[in-house]
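Q: Can you walk me through this one? I'd like to start with the charged pairs.

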Amino acid sequence: MSVLAFSLHLIRSKKYRKTEKKTKSNMKSIERELHCPVCEEMVKQPIVLPCMHSVCVLCAAEVLVQRGYPPPELPPEPNTPTSSPITRSPRQARRPPPKTDRLDRVIRTVCGTHPGRRRKDTPPVIMLFPCPTCRKDVELGERGLADCLRNLTLERIVERYRHTVSLGSMAVMCQFCKPPQALEATKGCADCRSNFCNECFKLYHPWGTPRAQHEHILPTHNFRPKVLVCVEHEQERLQFYCRSCQRLLCPLCKLRRAHSGHKIMPIALAYQTLKEKMTKEMNYILANQESVQAQITQVESGIAQTEVNSAVAKEQLNQCVSELRSVLAERQGALAMFLEGARGQRAGALNTQLSEKQSLLENAGLLTYTQELLKETDQSCFVQAARVTHNRLVKAIENLQHFSLSADPSFRHFQMDVSRELKALSSMDFIQAPLAPVIDTQKTLAYDQLYLCWRLPQDSAPAWHYSVEYQRKVGGAGALWGRVLSEGSSGSNGSHCSWQRLDDVGGTSAVIDKLEMDSVYVLRVRGCNKAGFGEYSEEVYLHTPPAPVLSFCLDSRWGLHAERVALGKGQTYARSVPGMTLLQAADRALTSCHLTSDLLVADVSITQGRHYWACSVEPGSYLVKVGVGIEAKLQEWFHLPQDMASPRYDPDSGHDSGAEDAQDCPPPFCFLTMGMGKILLPKCGASNTSTGPLTAPLPPRLGLCLDFEKGRLTFYDAHSLRVLWEGTVDCSAPVCPAFCFIGGGALQLQEQIANRSTEQNPPRRVTIQTRATDASH
């Protein structure tokens, strides 16, 4: 039986030692979390900054004094295990113990005075503390560190850490037993702030007295306040939490105007809510330990790859520099050889000239030979022998009279200008990924397809190809074209479908087809080169037309006057120039106002469905009418001359006679008038509530959408698809788009993107997974 009891005792001891060892290991793993970010040692008397990070109060005071702020009033440092050199962690034992006059020396060095000045001596200053954790300046307020609460929870964790790691064998002794019979303390009193053994605790806390109600805790060397109290109202407990300010409040602080309208909850509710959230978050991390371990493996693999790739990159760098050196040495040898050849050639020419000049001296060969030649008396022999010498003498006299060196000895043409090469070498750097492209909003548009155009910044590295990404924004049909957001805000408003991507786009433009009508698409682009992909451009929002795009040309079969109206190539452009008819009618200007009008219609007719088209009117046009009408009515209206100034004539409303005003049927045509940079919005417009027509700036492009079944024509600003005006039209017969010029003017039909010639190869279309939809990737 004794052997069995001994075995059980041995097993329990092993389990206890294993549990104790595991606890110590877990406590040692959190040592990094307990370090002060300023002194990088175990925190002592930590305070909570407004940014929710904790630092030692003494370290915070030193930082503020070094930045020139008045020295703060610090609480006395308690004699606790956190300040005793005997009880430091093994890492701290290697550091010298802190000296009590550390702050005094900093104050004397920075301020030059002892910290005895009163708070009244200096005006209140808003203190800014540079938090080393978030690397931002945190505003402390006028009271500075006095507004920061102590982090009692962190102090308790530090004490448990020290007790587990280095103080496990040190007992807390009773403070009331008389030596040498002092016993080990078993309880601590939070109210008395003392440690007791069982007998002393009963003696000093007799039953039936107020002391019996004191809160007893485990023995400790560091007694802290039982609860946190307000730093401004010292007797008030912190019973509320402001979610807007993320601060603890007492009942008096809650009544302040600064917290009016804020979300304030009781501290118990905040405690329970935050604790539940942290518990769920911790359980989630614990449940995904395999993912954590896999990510740790990836990080370790990344570190290993970093070392290998850096070594390869260094080897490539040395190889590139060696190639530069070899090319430079080879070029130096070639230039030196060329220079040596030029030197030999010029030296030879000068040496030859020197020999010729030396022969002209008195005792030289040529003159001596000439003197001997002159002694010849035989005439025929003299003439025969003297001809060559005579030519040499003539040439010598010419060179003597017009002397110049036979070769230039300066070598001015052999000086090298290496400033460009030196600049290139000094700017030699590793290849960089392209910068974020800039979207060209003037050329980018949405019509029958999406056309995206961009350019790289001037200081950007070149791009080999581009990747264009786009997605349809669900529920965002009311967004305006040109709404540009930063990368981080791509998912802030509305929901999106999955990203689509066009890979290997060559050039600086892309065409995207197979889109849904009346939808908003988000687009972005980034470049790629040998260094990889660069940053994304700013996102641009494009709104597709509300109906299929109608393709047509201008038809001049109805009375086109060649002297006034000219059509461009492809019959998508028309210009009207006032001719002689207007000049000849000038003598009638005082009696009536008959202006000539020219009508152009489309070469197609609409008999069903919804259709959209767009055009642009030149801002300098006098009067241009854009709309639709029944073919027969348009022909009748065109061939019957109308008085444009008559109050009974209003083609915008579809009424050209007073007899039609009483009819309830829709008008046979519907037009909007524009000219001189303005557009006239009739009084019956849906978006106009005034008593008369309004004028608005002429948009760069005007869009029209005809719903044949409903008999409604809607005018848009094609740049943003904003509705300008909506009117009715009779669709009992085929309807065609129509354009009317009154005076000089010009218009251009919007060319379909599909008709544009594209020489580049079609890019690959890829669907990006959902996890990659974040714009920050």
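A: Start with Arg501 and Asp503. They form a salt bridge, with the closest N and O atoms 3.0 Å apart. A salt bridge here is a side-chain nitrogen of Lys or Arg within 4 Å of a carboxyl oxygen of Asp or Glu.

Q: What are we looking at, and how are residues counted?
A: This is a predicted model: local features need pLDDT of at least 70, side-chain atom pairs count only at pLDDT 80 or more, and totals for chains, interfaces and linings use all residues. Residues are numbered from 1 along each chain as its sequence is written, and side-chain values use heavy atoms, with hydrogens and water left out.

Q: Is Asp503 buried or exposed?
A: Asp503 counts as buried, at 8% relative accessibility. Arg501 is partly exposed, at 21%. The cut-offs: buried is under 20% relative accessible area, exposed is over 50%, and partly exposed lies in between (1.4 Å probe, protein chains only).

Q: How many salt bridges does the structure hold?
A: It holds 13. Among them is Glu372 with Lys375, at 3.4 Å from N to O. Lys375 is exposed at 58%, while Glu372 is partly exposed at 49%.

Q: Which residues are linked in a network?
A: Glu469, Arg524 and Glu539 are linked in a network of salt bridges.

Q: And what does Glu618 pair with?
A: Glu618 forms a salt bridge with Arg575, the closest N and O atoms being 2.7 Å apart. That pair links distant parts of the chain, 43 residues apart. Glu618 sits in the loop between strand E26 (610-617) and strand E27 (623-630), and Arg575 is in strand E24 (residues 573-576). Strands (E, at least two residues) and helices (H or I, at least four) are DSSP runs, numbered from the N terminus. Glu618 is partly exposed at 32%, and Arg575 is partly exposed at 32%.

Q: Which residue is the bridge partner of Arg575 in E35?
A: Ala746. E24 and strand E35 (residues 745-749) pair in the antiparallel sense over four bridges. Two strands pair if DSSP finds at least two bridges between them.

Q: What sheet is that part of?
A: An open sheet of seven strands, in the order E23-E24-E35-E26-E31-E32-E33, with antiparallel pairing. Strand E23 (565-567) and strand E33 (722-728) are the edges, and each pairs on one side only.

Q: Where do the cysteines sit, buried or exposed?
A: Take two, Cys320 and Cys740. Cys740 is buried at 1%. Cys320 is partly exposed at 44%.
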